[in-house]
Amino acid sequence: QVQLVESGGGFVQPGGSLRLSCAASGFTVRYYVMRWYRQVPGKERELVASIGSGGDSYSDSVKGRFTISRDNGKNTVYLQMNSLKLEDTAVYYCKAATISYWGQGTQVTVSS
């Protein structure tokens, strides 16, 4: 049974950092392209970062500030978020590119 559990969100001031975690079960993350998305109420879900065998990629809005990584031994994917901005406030989700399952997400709030 596929499961993704996101954690690590919270409240942070502009310029701060957070590290999100996505613990996977029911499949092995090393064999999949893994992605982080975010969603603000009333807007479409936005792809922010991907990691696969060919490397990683980022949306222009987070490039240079966010880093996606994975620990194959822990079957976990991470999103290190630095220099956070007000507009990074959203619910963040991880997902395997070819598996139709979404976790519950983790809320990130950037506010002064």
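Okay, let's start with overall size: a compact globule of 112 residues would have a radius of gyration near 13 Å, and this chain has 13 Å, so the two agree. That radius is taken over C-alpha atoms, and the globule rule is 2.2 Å times the number of residues to the power 0.38. The C-alpha trace spans about 40 × 25 × 25 Å along its principal axes.

Before I go on, this is a predicted model, where local features need pLDDT of at least 70 and side-chain atom pairs count only at pLDDT 80 or more, while totals for chains, interfaces and linings use all residues. Residues are numbered from 1 along each chain as its sequence is written, and side-chain values use heavy atoms, with hydrogens and water left out.

So, what is the chain built from? It has 10 strands and zero helices. Those labels are DSSP runs, numbered from the N terminus: H or I of at least four residues for helices, E of at least two for strands.

How much of it is buried? That's 42% of the 112 residues, where buried means under 20% relative accessible area, exposed over 50%, and partly exposed in between, with a 1.4 Å probe and protein chains only.

Now contacts, meaning heavy atoms within 4.5 Å. Take the ones between residues at least 6 apart in sequence: 53% of them join residues at least 24 apart.

Next, the disulfide, and there's one in the structure. Which cysteines form it? Cys22 and Cys94, with their sulfur atoms 1.7 Å apart; the cut-off for calling a disulfide is a pair of cysteine sulfur atoms within 2.5 Å. The pair links distant parts of the chain, since Cys22 sits in strand S3 (residues 18–25) and Cys94 in strand S9 (residues 90–96), 72 residues apart. Both Cys22 and Cys94 are buried. The torsion about their S-S bond is about 45 degrees, so this disulfide is right-handed.

Last stop, Arg65. Where is it? Arg65 lies in the loop between strand S6 (55–58) and strand S7 (66–71). Is Arg65 buried or exposed? Its relative accessibility is 11%, so Arg65 counts as buried. Setting aside neighbours within four places in sequence, Arg65 is in contact with Gln80, Met81, Asn82, Ser83, Leu84, Lys85 and Asp88.
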